Amino acid sequence: MMNEIDDRMGMDREKIRNAIRLQLPIEITSYAVPRNMEVYIQRVLELFLAECHQEHLQNSLSFCLGELLANAKKANTKRVYFEEKGLDINDPQQYETGMKDFRTETFDNINYYLELQRKAGLYVKFVLQLKEDKIYIEIRNNCLLTEMEKGRIAGKLDSVQQYKSMEEVLGTVLDQTEGAGLGIIIVILMLQKAGIPKENYQVFTEDDETVTRIILPGNESIFAAVEIMSYELAYMIDRIAVVRNHFDVINALVSSQELDRKAIRQIVNADIGLALLAQKYALEKDPEAIGIKHCLSLISDDELRYIYSDSNPSVRVIENTPSLENLFFHAQRTAYFTYNLFKKYGEGQSKPETLNADVMYSLGLFNSIGFALIETQTQEQRNYMQELSCQYDEDSKRIMDVFNFGASVNYIKRTYTKKIKLPEYATMIISSWNTKRDKLPEPLVFAADILYLAEMMQYYDEKRADFCQIDRSILKKYGITHEKQFKTTITQMKISLDSD
């Protein structure tokens with residue numbers, strides 16, 4: 001069994017690293033959670049924590065995870081057991097009757113009840129996600145809590161304060177109906193011992209699932225250093241990097257006596273740096289300017305000749321690389337998907353008056369600014385980032401790993417777009433599209449959802465994200481209910497793009 005799991009972990013390691021880099025969820029679903037599946041889940045948690053540099057929490061969380069998986073499995077078994085016995089689990093008297101023999105009967109005939117669970121479609125789902133500097137661990141099962149169960153859980157959580165140690169808890173039987181009833185309390189105490197407050201343990205219902213969530217802080221010293229370094233880099237950047245092949249094309253276009261603005265817009269649409277140059281100069285004329293088409297319309301022919309010339313001190317021409325080529329391709333495709341999704345779904349939506357398809361295209365393109373600024377650092381900037389990380393002694397290597405790997409992109413993006421004075425709502429959208437949509441003002445939620453959907457379409461098409469990693473609530477908003485439909489939507493948009 002261990003050899004099989006080791007082989008699987010070898011294949012999944014890059015997927016886990018990619019999910020952390022893109023701050024996408026990792027999701028594992030099982031109907032029975034057999035022993036080999038539980039071992040695999042524990043190994044995924046171990047690798048995830050190591051990649052987030054929180055490996056010191058592994059032992060505590062391993063116990064907590066085992067307890068929560070067992071609780072979710074038991075909840076599912078309880079549902080089919082009550083149905084098999086013809087008892088109403090929501091009726092207090094029938095609940096008490098059913099629980100008298102529940103443990104004995106299901107333990108002696110567990111395979112039978114596991115098969116009933118499978119037939120009923122009852123599952124246990126394990127979800128892991130890094131959101132900026134916090135790690136979310138969730139166990140979900142598709143059985144809603146009864147009012148009695150909610151009351152018992154609340155009672156156990158309230159009773160935690162009276163215990164000072166796990167030894168004291170183990171000498172107490174809290175709830176004979178549910179068994180010893182000690183699991184949740186021991187989980188809370190173990191989390192508190194690891195420095196994680198009780199408030200970071202949550203049990204709630206969401207749609208048709210019961211969710212148990214543990215919220216872990218990221219490694220505070222590492223993420224604080226990464227945030228500081230991100231601000232430093234954003235403010236060090238005083239020239240906009242543009243790849244040579246794109247710069248040569250646009251330089252030739254603006255050198256003509258009569259400018260072909262359509263051709264200029266097409267090349268600017270494909271390059272983050274060229275778009276940023278237009279954006280920067282347009283903002284000097286109109287503080288609310290955004291959208292490539294609109295920004296270019298504010299700039300005269302002579303100004304365009306200067307902006308996209310060797311004499312412009314704001315330009316830093318760099319050589320293209322395969323990684324930059326892939327990054328620009330991703331950004332352009334995401335921008336195109338964003339533009340078309342907005343045109344398809346934007347009618348009648350709550351949104352700022354200034355938000356239109358041209359603006360959304362720019363937001364789709366600029367959503368990759370963080371990765372672009374990391375990728376195009378000068379050697380001087382790289383050396384300075386290394387110097388900053390060295391101030392943290394033994395954490396230096398781990399800080400540089402987190403910084404370069406991508407956890408810094410939201411910090412960099414937020415700081416840099418504020419520095420160039422992009423309209424505040426635009427900064428909010430591209431900084432919150434993945435991890436903080438619930439914190440956005442209502443008029444901006446639609447735009448963030450569209451940007452999220454566009455990014456997920458492109459990541460899926462690049463085989464860097466699986467369909468199960470995409471937020472179901474957003475898919476549902478736009479009538480996407482299954483993977484085939486999602487794939488067809490992407491194919492149709494790509495056909496339309498290729499024909500343009």
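When I say contact, I mean heavy atoms within 4.5 Å. Keep that in mind for everything that follows. One more caution: this is a predicted model.

Let's start with Thr-146. It sits in the loop between β3, residues 134-141, and α6, residues 147-159. Who touches it? Setting aside neighbours within four places in sequence, Thr-146 is in contact with Arg-79, Ile-89 and Asn-90. Is Thr-146 buried or exposed? Its relative accessibility is 2%. Buried means under 20%, so Thr-146 counts as buried.

Next, another threonine. Thr-212 belongs to strand β5, which covers residues 209-217. Thr-212 has a relative accessible area of 14%, so this one is buried too. Its contacts, again leaving out neighbours within four places, are Leu-68, Ile-137, Glu-138, Ile-139, Tyr-201, Gln-202 and Val-203. For a sense of distance, take Pro-313. Thr-212 and Pro-313 are separated by 101 residues in sequence, and by 54 Å in space, C-alpha to C-alpha.

Now the helices. Two pairs today.

Pair one is α9, residues 220-236, with α20, residues 409-419. Their axes come within 8 Å and cross at roughly 30°. Angles under 35 degrees count as roughly parallel, so α9 is roughly parallel to α20. The crossing is right-handed. Which residues make the contact? From α9, we have Phe-223, Val-226, Glu-227, Ser-230, Tyr-231, Leu-233, Ala-234 and Tyr-235. From α20, we have Tyr-411, Ile-412, Thr-415, Tyr-416 and Lys-419. By type, that contact splits into 9 nonpolar, 2 polar and 2 charged residues.

Pair two is α21, residues 424-432, with α22, residues 442-461. Here the axes are 9 Å apart, at an angle of about 45°. That angle makes α21 oblique to α22. This crossing is right-handed. On the α21 side, the contact uses Tyr-425, Met-428, Ile-429 and Ile-430. On the α22 side, it uses Leu-444, Ala-447, Ala-448 and Leu-451. What is the make-up of this contact? It has 8 nonpolar residues, no polar and no charged.

Last, confidence. The chain averages a pLDDT of 88. At least 70 is reached by 93% of the residues. Where does pLDDT stay under 50? Over residues 173-180. The model still gives that stretch 23 contacts beyond four places in sequence.

That's my tour. Over to you.

How values were computed. Residues numbered from 1 in each chain as written. Predicted model: local features only at pLDDT ≥ 70, side-chain atom pairs only at ≥ 80, totals over all residues. Heavy atoms only, no water. Helix = DSSP H or I, 4+ residues; strand = E, 2+ residues; numbered from the N terminus. Buried < 20%, exposed > 50% of the residue type's maximum accessible area, 1.4 Å probe, protein only. Axes fitted to C-alpha atoms, helices over the stretch in contact; angles between N-to-C directions. Parallel < 35°, antiparallel > 145°, perpendicular 65-115°, else oblique. Left-handed = near helix turned anticlockwise from the far one by under 90°. Nonpolar A, V, L, I, M, F, W, Y, C, P; charged D, E, K, R; others polar. pLDDT = per-residue confidence, 0-100.
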